[in-house]
Amino acid sequence: MWCFSQVKGAVDDDVAEADIISTVEFNHSGELLATGDKGGRVVIFQQEQENKIQSHSRGEYNVYSTFQSHEPEFDYLKSLEIEEKINKIRWLPQKNAAQFLLSTNDKTIKLWKISERDKRPEGYNLKEEDGRYRDPTTVTTLRVPVFRPMDLMVEASPRRIFANAHTYHINSISINSDYETYLSADDLRINLWHLEITDRSFNIVDIKPANMEELTEVITAAEFHPNSCNTFVYSSSKGTIRLCDMRASALCDRHSKLFEEPEDPSNRSFFSEIISSISDVKFSHSGRYMMTRDYLSVKIWDLNMENRPVETYQVHEYLRSKLCSLYENDCIFDKFECCWNGSDSVVMTGSYNNFFRMFDRNTKRDITLEASRENNKPRTVLKPRKVCASGKRKKDEISVDSLDFNKKILHTAWHPKENIIAVATTNNLYIFQDKVN
Amino acid sequence: MFARGLKRKCADHEEDMGGALAGFRAVPSYSLQRQSLLDMSLVKLQLCHMLVEPNLCRSVLIANTVRQIQEEMTQDGTWRVAAPQSTGRAPLDRLVSTEILCRSMREQDGVHPAPGMGDDHVLGPGSELSTVTSAQTPRDPQNSVWEMDSPRENRGNFQKSLDQIFETLETRNPSSAEELFSDMDSSYYDLDTVLTGVVSRAEPGPCDGLQGLPPVATPASSSSCKSDLGELDHVMEILVET
């Protein structure tokens with residue numbers, strides 16, 4: 001049973017373009033939650049230590065750090081603006097006191113170090129406390145500077161900038177399980193980087209045709225396998241997923257496995273290809289499965305079986321008869337993401353009208369919930385929602401025609417260990433928790 | 001639900017009228033609907049061509065859709081607009097009449113001004129058209145989509161424009177002609193039921209099919225027709241300029 005916990009962001013309906021949330025990601029421990037927005041900013045929330053007295057809820061998330069990750073740029077050669085929108089954030093596993101994350105816009109990836117400072121040196125001999133230099137002739141005694149506590153300051157500093165490697169728009173970044181390398185994928189190419197080296201990257205996938213007029217397929221997402229550091233997958237706009245092994249050759253143009261489900265001829269339409277385009281691909285934590293999201297469904301694939309998914313969940317099948325209108329208003333091109341829970345037993349994805357859906361793989365039950373400020377009393381249990389596809393609408397159901405297609409939930413994230421989820425509406429971040437009894 | 005401010009006329013009636021009426025409502029011809037989808041797709045391709053930097057995935061998907069329609073129309077041998085129907089409820093007539101309107105206008109003016117183009121940014125329409133017509137085969141390039149007398153040749157023109165769009169995605173010549181399409185009448189008919197091949201379980205009410213969405217503003221119909229031609233002009237313009 002899911003309960004409202006918190007909501008972050010502006011209350012008013014007039015959404016500033018720069019505040020539109022474009023990515024959400026928990027770190028490996030779940031203590032930190034990062035969001036990126038269209039204005040190029042990253043906001044990191046930190047979970048406060050569990051309050052032992054109030055044992056019925058887990059710690060709240062409060063702002064920990066805010067920084068401007070990317071700025072708008074101008075490509076003078078093409079006369080085009082490069083958007084500062086943060087497309088993806090990926091956390092590195094923590095190695096020391098500082099936290100590291102990769103953030104990317106369309107063209108440039110940056111490695112950020114987030115560190116805490118809670119003490120500062122005091123008692124310099126040659127400097128006053130405010131920084132002014134002392135006249136050396138006034139120094140009569142010497143002292144050793146000491147660290148004294150200060151108010152916690154969280155600093156973010158860019159440690160690496162990985163630029164000029166992508167002609168097309170970066171859609172994915174993924175850190176390898178070796179924690180030394182990572183990949184970045186744009187529409188036509190995938191590059192492999194070393195986290196320490198910024199002036200070089202290796203191109204490992206290139207699907208650009210010699211003649212651009214022959215272009216019919218693009219890369220939509222890519223991810224490294226969670227355990228095998230030589231394996232990665234990438235998905236395409238034609239609904240295929242290719243698994244590649246970097247040991248096979250330097251340029252992984254030939255896939256090791258090709259995952260594709262044959263088309264259902266009874267559902268064929270002019271929109272079949274568009275709705276088969278995969279908007280997100282995520283490995284399960286175990287590494288045995290991967291999940292893909294296309295326009296209408298979520299599919300779970302067993303890495304050992306290429307010819308069809310092992311599970312398919314319909315997210316909003318009632319939209320199938322509305323595809324032409326959704327094509328007209330461009331909603332059919334919306335890129336929904338998906339995510340696994342910590343134990344790989346439940347998957348979650350977003351929909352329209354600020355609805356999001358969860359599918360329990362074991363019980364085969366699914367639920368539709370809404371991220372709305374109407375339910376914003378802490379620990380209010382969320383009421384399941386239902387969309388009425390056709391016919392008589394029952395009480396409490398919402399008809400397809402009443403859905404607000406401007407309210408879309410594209411980005412969701414699940415805490416790696418606990419039942420806490422972060423759901424991004426256009427400009428608000430909702431945090432929900434499973435009821436703890 | 002989708003067009004701003006437009007309410008589906010008969011949303012309330014759907015529950016009252018059962019399947020009885022369904023049989024009496026002839027669904028608009030598939031080829032007509034398919035043509036509308038083609039037109040919509042072409043507009044989208046051009047619109048995305050105008051924006052800051054086109055989303056390549058979206059462009060590829062739309063272009064593939066256009067190719068699919070093109071292939072199907074070629075197989076059917078219907079690579080032409082349907083001849084004006086004598087029957088018609090209002091919307092069908094409207095579609096047909098704009099076609100006639102366009103045809104007669106083209107015949108009237110040798111050079112007609114491309115609509116909505118800001119004078120500041122773009123070459124004079126007269127010079128464009130004459131350049132275009134001289135570069136093309138004797139057939140008026142506008143015919144390539146609207147009227148297919150010679151399918152193969154016009155398919156070539158069409159394919160060329162499609163390819164040019166992709167080429168220019170790489171070597172983009174930005175033109176701030178977004179206002180070109182600001183008047184576009186985008187109230188396409190309800191194509192859902194026919195084109196997706198899926199009939200929603202509710203019996204089609206009187207509003208499904210062509211009558212689904214009333215036009216936004218009737219006076220805009222002629223200007224929207226002009227802009228439709230204008231967009232093809234623009235494709236040819238890219239062809240010639242780059």
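Two strands are said to pair if DSSP finds at least two bridges between them, and in this predicted model β2(A) and β3(A) meet that condition, pairing in the antiparallel sense over 5 bridges.

**View 1. The open sheet of chain A.** Four strands of chain A, in the order β2-β3-β4-β5, make up an open sheet with antiparallel pairing. Its edge strands, each of which pairs on one side only, are β2 (21-26) and β5 of chain A. When direction is ignored, neighbouring strands of the sheet are turned by 20 degrees against each other on average. Strands of a sheet, in general, pair through backbone hydrogen bonds, whether parallel or antiparallel.

**View 2. Strand β4 of chain A and its two partners.** Strand β3 (residues 32-37) of chain A runs antiparallel to β4(A) and is joined to it by 5 bridges, with A:Ala34 placed opposite A:Ile44. These two strands form a hairpin with 3 residues between them, and in the turn A:Gly40 has a positive phi of about 85 degrees. Towards strand β5 (residues 61-68) of chain A, β4(A) makes 7 bridges, again in the antiparallel sense, and here A:Val42 stands opposite A:Phe67. Because 5 of the 7 residues of β4 (residues 41-47) of chain A are buried, this strand is largely enclosed by the rest of the structure.

**View 3. The largest nonpolar core, with residues from both chains.** This core holds 42 residues, of which A:Tyr295, A:Leu319, A:Leu326, A:Tyr327, A:Ile332, A:Leu403 and B:Leu37 touch the most other members. At least two residues each are supplied by α1 (272-276) and α2 (323-328) of chain A, and likewise by α1 (30-50) and α2 (56-76) of chain B; the largest share, 9 residues, comes from α2(B). Apart from this core lies another, of 16 residues, including A:Phe4, A:Cys339, A:Leu382 and A:Trp414. In soluble globular proteins, nonpolar side chains tend to be buried together.

**View 4. The surroundings of A:Tyr327.** Leaving aside neighbours within four places in sequence, A:Tyr327 is in contact with residues of both chains. Its partners in chain A are A:Phe271, A:Ile274, A:Ile332 and A:Phe333, while those in chain B are B:Leu37, B:Met40, B:Ser41, B:Lys44, B:Ile62 and B:Thr65.

**View 5. Helix α2 of chain B from start to end.** At the start of α2(B), a side-chain oxygen of B:Asn55 reaches to within 3.1 Å of the backbone nitrogen of B:Cys57.

View 6. Chain B contains 8 helices and 0 strands, its elements running α-α-α-α-α-α-α-α from the N terminus on. Of its 242 residues, 49% count as buried. Among contacts in chain B between residues at least 6 apart in sequence, 81% join residues that are at least 24 apart.

How values were computed. Residues are numbered from 1 along each chain as its sequence is written. Chains are lettered from A and ligands numbered from 1 in the order in which they are written. This is a predicted model: local features need pLDDT of at least 70, side-chain atom pairs count only at pLDDT 80 or more; totals for chains, interfaces and linings use all residues. Side-chain values use heavy atoms; hydrogens and water are left out. A nonpolar core is a set of buried Ala, Val, Leu, Ile, Met, Phe, Trp, Tyr and Cys residues joined through side-chain atoms within 4.5 Å. Buried means under 20% relative accessible area, exposed over 50%, partly exposed in between (1.4 Å probe, protein chains only). Contact means heavy atoms within 4.5 Å. A polar contact is a pair of N or O atoms within 3.5 Å; within protein, one must be able to donate a hydrogen and the other to accept it, and residues adjacent in sequence count only if both atoms are side-chain atoms. Axes are lines fitted to C-alpha atoms, for helices over the stretch in contact, and angles run from 0 to 180 degrees between N-to-C directions.
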